[in-house]
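Try each task on your own before you read its solution.

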Amino acid sequence: MKNNYSNLFNVENKRIAIIGATGLLGSQYVEYLSSLGAIVIIGDVDFQKCKELSDKLNKEGKKTYPIWIDNTEEESIVAFIEEIEKKYNGLDVLINNAQIKPEGFYAPFEKYTKATLTKVLDGNLVGVSLACREACNLFLKSGSGVIINVASTYGIVAADQRLYDGVKNIYFPDEKFSSPVSYAISKAGIVQLTKYLASYFREKNIRVNCLTPGGVFDNHDETFNKQYSYRTTMGRMAERDEYNGAILYLCSDASSYMTGANIVVDGGWSVI
Ligand SMILES: NC(=O)c1ccc[n+]([C@@H]2O[C@H](COP(=O)([O-])OP(=O)(O)OC[C@H]3O[C@@H](n4cnc5c(N)ncnc54)[C@H](O)[C@@H]3O)[C@@H](O)[C@H]2O)c1
């Protein structure tokens with residue numbers, strides 16, 4: 001394939017579906033990609049938010065479409081992709097961005113229950129695998145497609161639990177705060193799922209890559225913000241729009257020779 005250099009990052013009229021599209025980062029991706037002319041399918045378990053975001057952007061002339069999806073439910077995932085196929089006659093890019101935080105999510109490891117572990121794995125990993133399956137079946141019909149799975153630094157290196165020293169645990173007030181095991185193992189699985197699919201769909205013109213973000217500032221506890229920022233080489237947490245560039249790169253032909261890769265954008269957190 002020969003790239004047209006002037007259009008390397010072009011996503012105009014690309015059909016891009018985002019699962020987990022209304023949260024802190026998902027809504028950034030929706031706004032950014034739709035502002036570049038992409039057709040953005042806003043998928044989330046919170047349909048009210050999907051609808052509000054879509055209505056707001058469509059009024060500004062953007063092309064978005066809200067669809068309810070619960071990615072812990074197989075039928076819902078199947079229905080999500082089916083609706084996209086019906087409405088848009090196919091899909092170009094799927095971004096798996098949802099994360100699940102059920103009751104007990106922030107429990108200390110010693111008290112972590114099977115029910116919570118199972119729920120998190122269901123949403124963060126099993127649901128993502130099924131969404132990849134459904135999207136890839138569509139891509140096989142059309143002959144091409146791109147998947148971006150969102151992992152986390154805590155899926156490639158261990159969470160530095162020292163960063164949470166002195167941070168109040170509002171969920172379990174009698175316990176020290178810690179980053180949960182369910183999050184770490186589900187996000188590590190996402191990196192491997194990505195490599196697996198890149199190899200499985202070899203020579204099928206389906207590219208599957210990972211984005212690994214570091215921590216985004218979201219009015220965090222001051223102690224945590226200070227400790228986390230020190231741990232990055234850049235000395236700060238990310239702003240919420242600082243992953244847009246990597247997402248665009250992965251969605252567009254600029255990454256045409258990349259598959260099975262994991263782009264780490266973490267201000268240097270994982271290099272030390
Ligand atoms: N924010 C960070 O600092 C950070 C750091 C590293 C990685 N990440 C990863 O980036 C992604 C986005 O993070 P965020 O901070 O925007 O998260 P967020 O919690 O703000 O958003 C997650 C979205 O997923 C949706 N969701 C929850 N359960 C769902 C379900 N069952 N089906 C469909 N959607 C569901 C939520 O409604 C929400 O819109 C996540 O995968 C997260 O793990 C975030």
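## Exercise 1: A lysine and its partner

At 22% relative accessibility, Lys62 is partly exposed, where buried means under 20% relative accessible area, exposed over 50% and partly exposed in between (1.4 Å probe, protein chains only). Before going on, note that this is a predicted model in which local features need pLDDT of at least 70 and side-chain atom pairs count only at pLDDT 80 or more, while totals for chains, interfaces and linings use all residues. Residues are numbered from 1 along each chain as its sequence is written, and side-chain values use heavy atoms, with hydrogens and water left out.

Task: find the residue with which Lys62 forms a salt bridge.

Solution. 
1. Recall the criterion: a side-chain nitrogen of Lys or Arg within 4 Å of a carboxyl oxygen of Asp or Glu.
2. The partner is Glu60, and the closest N and O atoms are 2.7 Å apart.
3. Glu60 is partly exposed too, because its relative accessible area is 46%.

## Exercise 2: Salt bridges elsewhere

Task: state how many salt bridges the structure holds, then describe the one between Lys56 and Glu31.

Solution. 
1. There are 13 salt bridges in the structure.
2. In the pair Lys56 and Glu31, N and O are 2.9 Å apart.
3. This pair links distant parts of the chain, 25 residues apart: Lys56 sits in helix α2 (residues 47-59) and Glu31 in helix α1 (residues 26-35). Helices (H or I, at least four residues) and strands (E, at least two) are DSSP runs, numbered from the N terminus.
4. Lys56 counts as partly exposed because its relative accessible area is 37%; for Glu31 the value is 32%, so Glu31 is partly exposed as well.

Task: which residues are linked with Arg133 in a network of salt bridges?

Solution. 
1. The network joins Glu74, Arg133 and Glu134.
2. Within it, the side chains of Glu134 and Arg133 meet at 2.9 Å, N to O.
3. Glu134 is buried, because its relative accessible area is 15%, whereas Arg133 is partly exposed at 35%.

## Exercise 3: Around the ligand

Task: describe the shell of residues around the ligand and its polar contacts.

Solution. 
1. Sorted by type, the shell has eleven nonpolar, eleven polar and three charged residues. Here Ala, Val, Leu, Ile, Met, Phe, Trp, Tyr, Cys and Pro count as nonpolar, Asp, Glu, Lys and Arg as charged, and the others, Gly among them, as polar.
2. Now look for polar contacts, pairs of N or O atoms within 3.5 Å. A backbone N or O atom of Asn71 is 2.9 Å from a ligand nitrogen, and a polar backbone atom of Val45 is 3.5 Å from a nitrogen of the ligand.
3. On the oxygen side, a backbone N or O atom of Ala98 lies 3.5 Å from a ligand oxygen.
4. On its own the ligand has 820 Å² of accessible area (Shrake-Rupley method, 1.4 Å probe), and the protein covers 84% of that.

## Exercise 4: A residue in a loop

Task: is Ala151 buried or exposed, and where is its place in the chain?

Solution. 
1. Ala151 is in the loop between β5 (145-150) and α5 (181-200).
2. Ala151 counts as buried because its relative accessibility is 2%.
3. The C-alpha atoms of Ala151 and Leu211 are separated by 6.0 Å, although these residues are 60 apart along the chain.

Note on methods: Polar contact = N/O pair within 3.5 Å; in protein donor to acceptor, adjacent residues only side chain to side chain.
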